[in-house]
Amino acid sequence: MKAFSRLNPFVLMIFFAAAIGTGVFCYVPAIRAVSLAGAVLSLLVSGICRKPVRELLGYAGIILVSGVINPVIVTLGNTPLFWLVGRPYTLEALLYGANNGMAIVSALLWFRLFSAVMTAEKLSFLMSGTVLSGFGTAFTLTLRYVPELIRRFKECCAAHRANKFAPAAGAVCGKGFLSRAAFYLNVFMSVASSALESSAQTADSMKARGCLLSPKSRLTTYSLRAADVLCAALSVTAVCSAVFASRAGRLCAAFYPSVKSEYPPVTAVMYGALCLLPVLFSIMESIKWHFCRPKT
Amino acid sequence: MALLQTENLSFAYPGGGKVLDNIGFSAERGELVLICGSSGSGKTTLLRLLKPDIAPFGERSGKIIYDGSDISALDNRRSVGEIGYVGQDPNAAAVTDTVLAELAYLPENLGLPRGTILRRIAELSAYFGLEHLIDRRISELSAGQKQLVQLAAVARAYLVPSASPSLLLLDEPTAQLDPRSAEVFRNIILKIRSELGTTVIICEHDTRGLFGSCDRLLYLENGRQRFFVQNPFVPPHEQCTNSVCTAARLIGTEAEDALPCCYRLSAALGLDKPLKDAAAARNYLLENKPSALPETKEYQPDKEIAVSIKNIYFSYTKHGRDVLAGLTLSIPKGSITAVFGANGTGKSTLLKIISGVYRPFEGSIKIFGKSVKSCCGTAMLPQDPHLILTEKTLLKDIKRGCDLPDIEGEIARLSETLGLSAETLGRYHYDCSGGELQRAALMKLLIKKPRLLLLDEPEKGLDCGNKRRLTGILKRFAEGGGTVIFVTHDAEFAAETADSAVMMFGGICAAHEPINAFLSEGELFTTEAARIARGIIPGCVTAEQLIDCCRRGLTADDE
């Protein structure tokens, strides 16, 4: 995944926008399946998943739950699988739910890859020199604060549990959902105040190190290489192909009353190639490593 | 001409009284100035006034002269490039997410060319030993490493030419670090001062590490300058002839406990020449034959056991290392036990297991003969007292969940014992000093009348006065039949406070001995006084004991 992460941040941004956007906004199950497969494979080769089987089973659970719940609410569709309290439980509604589940899971997986590849420094590079440069720093800090906030929240809850202040111990707030909610809200407010205190110190640290000065320079620069051009071109072409096919009415899907889906094979192939780009980069990297590694 | 000089400097926050009153001190190029004083004496405000970018808003009078001109006229770029500032909390100071980005942040803001930045970072990372951390995320580093990165990020003037002056302002930079990391940090500061010629102005509660190396010393008390000594170690001088004199001036102040033991001894005995280190102090003891320690009642632990731990195992992950690996320990009722050990040996984990936050996956643990779940009366003070304070005022926090019939009377009694005024109890916890915060958190725990008190590094970041006050509180609690277990790195604090010491190593209890025996035999986890007196005054572990033995020895000689 190193080779893929080395791509120009602008190109990476275009890639993720194309991969996530097409997968989410295109209803065609085949396109969503391609997006999901690409995201799963990319995540597996990236090594981000510490426990891949367990995590993927969890994601499969989301698709399953989405598929199972939809027919309970929606009774449309020609193929009833069985009847539930006088209402049909249809295959089409189940597939519709599963299709939406695929979109959610593939978006989640792509975003996981995005957060691993697009470091705060790359995001900051993207926004430098624009009106968004301040937003870039704020975004970087937010990315850092979220896990810090979660860590602190857990610490705070543990400190309260240790002293039997938490409602789980039943000592202070009594039992019941409302008292627990009040306790966690109280802890959250305290943690938020702590984050504000901490952010005031961060602001001082930024001022002390010249955040208000200009012009600034950048240590990291990213050139545009052939691989960048290729990746950007494939992203743009895949998106254009999907947009044109959709405008022409050839990229569509309907689930009710029966499942119908149409898509041009070229769009699916191009989008598939796009989604597999991180995997292709990894394979190329492995081959290069195999031939270039120092022989001992 | 001095690089930095203040003349009649006074400062008041809007709507408040003066927090600094008539401060006059100076620092030459390449000097180390140590500013000491208790919490709330104005050290941080003074340091921030010396850095125009982060100077507090308020009414300032008097002059601050930097490099020949008033500091308020200093160009922003010069202020950023020449004056570095490192605060107490390395977590809050980090702006970016990786070490490389953090080191690049300042020169990037100055708009330096990429080549210059790269060269500078390459040099800095080698100088500070950060090469192996350069690609790491800041969040993955230890507190000591984070603070070192913060220092490296501002350590050297970035402006060209490099001959421009460089001033480093450090506000209690070692307050949140363990002793080993703090020592590494102090050594780096001394290296920067001597090798790079950087002027360093540092505020510290614990002056032991830098007292012998500073060029000037400023002591503040309630915003006033009690004294400023130039060249304390180069006699003769019109203000002070030598460091003994400087040390003597600190005797009786709240900074006394923070003096190196050898200087305290020199000052207390009125020596002409200071005993500059432990070896010199040992030689003095060998030559002058101090008296033995007076006979004291030996520590007799209560027969009733408060905490009984048998063969417990605990790991944070299923296949990970066992943080506690067969730990067995018995803590008698009414005792104060200090738990020592290097980082990662399971000290804090042990407290969390006793308090019931974690459950061991093997072994048994009984608190006053009952299981952890069914036992009431255990209270735990975390390292950061903010964690158990969630309300808008301390008083609300203390009252929350307390169902005592006479709560007001109990609050009045405890606030007197702990030295907390009604005004302090009406404050928000983020508006309190470190000592007040800790006492308020203790009050929140003590009002529920616990029988077992667990404290995780309670002395961290406290000044000497507050440490002494905490010792008194814990001793009174134990005298009343309570049991205290606290994790610490501070041997001096443990010597004053604890009855016995536990040494953790590899998840087991490597030693459990009376505190005097433990500190007398220890090589690293021991006090300065014990190191000096080892083999000469058996059982001597505190500076007071050492001074007393020497005084009695001298008196006996005279007679």
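**Note on chain B of the predicted model**

1. Of the 559 residues in chain B, 52% are buried.

2. Overall dimensions. Along the principal axes, the C-alpha atoms of chain B fill a box of roughly 70 × 65 × 50 Å. The chain has 20 helices and 21 strands. Its radius of gyration is 25 Å, close to the 24 Å that the globule rule gives for 559 residues, so chain B is as compact as a globular protein of that length.

3. Contact range. Taking the contacts in chain B with a separation of 6 or more, 68% are accounted for by residues 24 or more positions apart.

4. The six-stranded sheet. An open sheet of chain B is formed by six strands, in the order S17-S18-S19-S14-S20-S21, and its pairing is mixed. Strand S17 (378–381) and strand S21 (508–514) stand at the edges; each has a single partner strand, so one side of each is left without a neighbour in the sheet. From one strand to the next, the twist averages 20°.

5. Strand S18 (residues 452–456) and strand S19 (residues 483–487) of chain B pair in the parallel sense, over five bridges. In this pairing, B:Asp456 stands opposite B:Val487 in S19(B).

6. Helices on the sheet. Helix H16 (residues 464–479) of chain B packs on the sheet and touches S14, S18 and S19 of chain B. The direction of H16 makes about 145° with that of S19(B). Helix H11 (residues 347–355) of chain B lies across strand S14 (336–340), S17, S18, S19 and strand S20 (500–505) of chain B. H11 runs at about 150° to S18(B).

7. Contact with chain A. In the model, 44 residues of chain B are in contact with 42 residues of chain A. On the chain B side, at least two residues each are supplied by helix H2 (76–82), helix H3 (90–93), helix H4 (99–109), helix H5 (114–127), H11 and S17. H4(B) gives the most, with six residues. The residues on this side of chain B divide into 24 nonpolar, twelve polar and eight charged.

8. H11 and S17 of chain B each supply residues to the side that touches chain A. In the sheet, S17 is an edge strand, and H11 lies across S17 among other strands.

Note on methods: Residues are numbered from 1 along each chain as its sequence is written. Chains are lettered from A and ligands numbered from 1 in the order in which they are written. This is a predicted model: local features need pLDDT of at least 70, side-chain atom pairs count only at pLDDT 80 or more; totals for chains, interfaces and linings use all residues. Two strands pair if DSSP finds at least two bridges between them. Helices (H or I, at least four residues) and strands (E, at least two) are DSSP runs, numbered from the N terminus. Axes are lines fitted to C-alpha atoms, for helices over the stretch in contact, and angles run from 0 to 180 degrees between N-to-C directions. Two residues are in contact if their C-beta atoms, placed from the backbone, lie within 7 Å. Ala, Val, Leu, Ile, Met, Phe, Trp, Tyr, Cys and Pro count as nonpolar, Asp, Glu, Lys and Arg as charged, and the others, Gly among them, as polar. The radius of gyration is taken over C-alpha atoms; the globule rule is 2.2 Å times the number of residues to the power 0.38. A residue is buried if 20 or more other C-beta atoms lie within 10 Å of its own, exposed if 12 or fewer, and partly exposed in between; C-beta atoms are placed from the backbone.
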